[in-house]
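Here's a walk through the model, helix by helix and then residue by residue. Keep the structure open and click along as you read.

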Amino acid sequence: MQDYDRNYILLGLSWIVVGMALGIWLGITNQQNYANSHAHVGLLGFVASTLFGLLHWAYPALARSRLALWQFIIYEVGVVILVVGKFLIDGGKETILLPIGALVTIAGAAMMLAMFAKHGHRTA
Ligand code: HEM
């Protein structure tokens, strides 16, 4: 896949819309128990995805990594699973989705670390 920078930033901006909608919803319905889910949508979804996109933009050599496609998929799928799990837990339900999502998400972050360690150079 090409355009990791653009695709990550598109997803990051999608996450911020979801996070803001969630923030408005929990605010007007006075369900502050969902504040933690909202925070994770904003920070893992919007902030980290957009930062990963900016890293791809600033360090184009990252896209040449064999891990790049899997890192993108694993990180974003992990955040979706984590956020759904957190939302269920904030709503008082029990679920295994949160720890599963956490492990998948941290795997995605660790893959970005490995990619940056190897390919994070400004020169080709
Ligand atoms: C339309 C935009 C937003 C609205 C309406 C909104 C609304 C809220 C509300 C109502 C709370 C709960 C406050 C309380 O516990 O009394 C909250 C908490 C929080 N929000 Fe937002 N928010 C918005 C955007 C964002 C964004 C973009 C981020 C991060 C990038 C963010 C991060 C947080 C964090 C970290 C907390 C604290 C969570 C906690 O205490 O567990 N918010 N927000």
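The crossing of H1 and H2 is left-handed, a label used when the near helix is turned anticlockwise from the far one by less than a right angle, with clockwise giving right-handed. The axes of H1 and H2 come within 7 Å and cross at roughly 165°. That makes H1 roughly antiparallel to H2. On this scale, angles under 35 degrees count as roughly parallel, over 145 as roughly antiparallel, 65 to 115 as roughly perpendicular, and the rest as oblique. Axes here are lines fitted to C-alpha atoms, for helices over the stretch in contact, and the angles run from 0 to 180 degrees between N-to-C directions.

Who makes up that contact? By class, the contact of H1 with H2 has 14 nonpolar, 11 polar and one charged residues. For the sorting, Ala, Val, Leu, Ile, Met, Phe, Trp, Tyr, Cys and Pro are nonpolar, Asp, Glu, Lys and Arg are charged, and the others, Gly among them, are polar.

A word on ground rules. This is a predicted model, in which local features need pLDDT of at least 70 and side-chain atom pairs count only at pLDDT 80 or more, while totals for chains, interfaces and linings use all residues. Residues are numbered from 1 along each chain as its sequence is written.

**The other pair**

Now move on to H3 and H4. The axes of helix H3 (residues 68–90) and helix H4 (residues 97–119) come within 7 Å and cross at roughly 150°. H3 and H4 are therefore roughly antiparallel to each other. Their crossing is left-handed. The contact of H3 with H4 divides into 21 nonpolar, six polar and one charged residues.

How does the length of H3 check out? With 23 residues at 1.5 Å a residue, H3 should span 33 Å, and its end C-alpha atoms are 33 Å apart, which agrees. The expected span is 1.5 Å times one less than the number of residues. After H3 comes Gly92, with a positive phi near 90°.

**The whole chain**

Stepping back, the chain has four helices and zero strands, and reads α-α-α-α along the sequence. Helices (H or I, at least four residues) and strands (E, at least two) are DSSP runs, numbered from the N terminus. The C-alpha trace spans about 50 × 25 × 20 Å along its principal axes. Of the 124 residues in the chain, 31% are buried. Buried means that 20 or more other C-beta atoms lie within 10 Å of the residue's own, exposed means 12 or fewer, and partly exposed is in between, with C-beta atoms placed from the backbone.

**Around the ligand**

Which residues come nearest to the ligand? Of the 16 residues around the ligand, those are Met20, Gly23, Gly27, Ala39 and Gly42. To count as near, a residue needs its C-beta atom, placed from the backbone, within 6 Å of the molecule or strand in question. Helix H1 (4–28) and helix H2 (35–58) each supply at least two residues of this shell. H2 gives the largest share, eight residues. By class, the shell has nine nonpolar, seven polar and no charged residues.

Start in helix H1, where you'll find both Arg6 and Tyr8. Arg6 is exposed, with 12 other C-beta atoms within 10 Å, whereas Tyr8 counts as buried, with 23 C-beta neighbours inside 10 Å.

In the loop between H1 and H2 sits Asn30. Asn30 is exposed, with 7 other C-beta atoms within 10 Å. Its phi is near 55°, a positive value in a residue other than glycine.

Then there are two alanines. Ala61 lies in the loop between H2 and H3, and Ala109 is in helix H4. Ala61 counts as partly exposed, with 16 C-beta neighbours inside 10 Å. Ala109 is also partly exposed, with 16 C-beta neighbours inside 10 Å.

| Pair | Separation in sequence | C-alpha to C-alpha distance |
|---|---|---|
| Arg6 and Ala68 | 62 residues | 14 Å |
| Ala61 and His121 | 60 residues | 7.0 Å |
| Tyr8 and His56 | 48 residues | 8.7 Å |
| Ala109 and Ala48 | 61 residues | 9.2 Å |
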